[in-house]
Amino acid sequence: MSRRRDAFRDSDSKRETDFKAEITSRISTAEISSLSIQNFDDSSKPLIYKFKINVPNYAQKAGRRLIVQPGFFEHGARPVFSAEKREHNIHFPYPWSEKDEVQIQLPKGFELENADAPQDVADPKKIGSLKINMSIDRATNLLLYKRDFHFGGGGHTLFPAAVYTPMKGLFDAFHKADTHAIALRQATK
């Protein structure tokens, strides 16, 4: 919603340029190609960005292992709530959802050491939830990462300050799952 509102008067090429700038502002070495933006002018359909990205040195070396954060869109994100206490109500402008599908080509000679996906996160009233699935296509050595997030279930977007601690706990759990890392190791012959 906010992307559509902020860029509704922009040309397609400006939207593409702005999106690329958004990514490279977080990951300066990112090289984006084959970008397409779908359904921008049709708010009855989800807004979809499809692109290929090459990020040199995205994985971190740890001895003979590589550590990778498959939740690419959450890479470098900070927790939503950082204060320990809150005096004022919490208001989100609207409910929202995000669905990410990321495919990561594993480097030649490497395989997954652990492919554990983080646990699902949800509150009992189903106001917010996060589910992450990961799998590997062994034939192509491609890691498939799917993230399904929503917040504001039942139209809940305004919360009293008294529920800040559990709200912060829920968003901290979202952040932990979103920034989950996996290890790759050199394949044995």
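Trainee: Why does D42 count as partly exposed?

Mentor: D42 has a relative accessibility of 29%. Buried means under 20% relative accessible area, exposed over 50%, and partly exposed in between (1.4 Å probe, protein chains only). The value for D42 lies in between, so D42 counts as partly exposed. A word on the source: this is a predicted model, in which local features need pLDDT of at least 70 and side-chain atom pairs count only at pLDDT 80 or more, while totals for chains, interfaces and linings use all residues. Residues are numbered from 1 along each chain as its sequence is written, and side-chain values use heavy atoms, with hydrogens and water left out.

Trainee: What makes K45 and D42 a salt bridge?

Mentor: Their side chains meet at 3.9 Å, N to O. A salt bridge is a side-chain nitrogen of Lys or Arg within 4 Å of a carboxyl oxygen of Asp or Glu, so the pair qualifies. K45 is partly exposed, with a relative accessible area of 43%.

Trainee: How many salt bridges does the structure hold?

Mentor: There are 14. Another of them joins E22 and R3, at 2.7 Å from N to O. This pair links distant parts of the chain, with E22 in helix 2 and R3 in helix 1, 19 residues apart. Helices (H or I, at least four residues) and strands (E, at least two) are DSSP runs, numbered from the N terminus. Both partners are partly exposed: E22 has a relative accessible area of 34%, and R3 has 32%.

Trainee: Is K168 buried or exposed?

Mentor: K168 is at 13% relative accessibility, so it counts as buried. K168 forms a salt bridge with D172, with the closest N and O atoms 2.8 Å apart. Both lie in helix 3 (residues 164-178), four residues apart, about one turn of the helix. D172, at 28%, counts as partly exposed.

Trainee: Which residues of helix 2 are buried, among R15, F19 and I23?

Mentor: R15, F19 and I23 are each buried.
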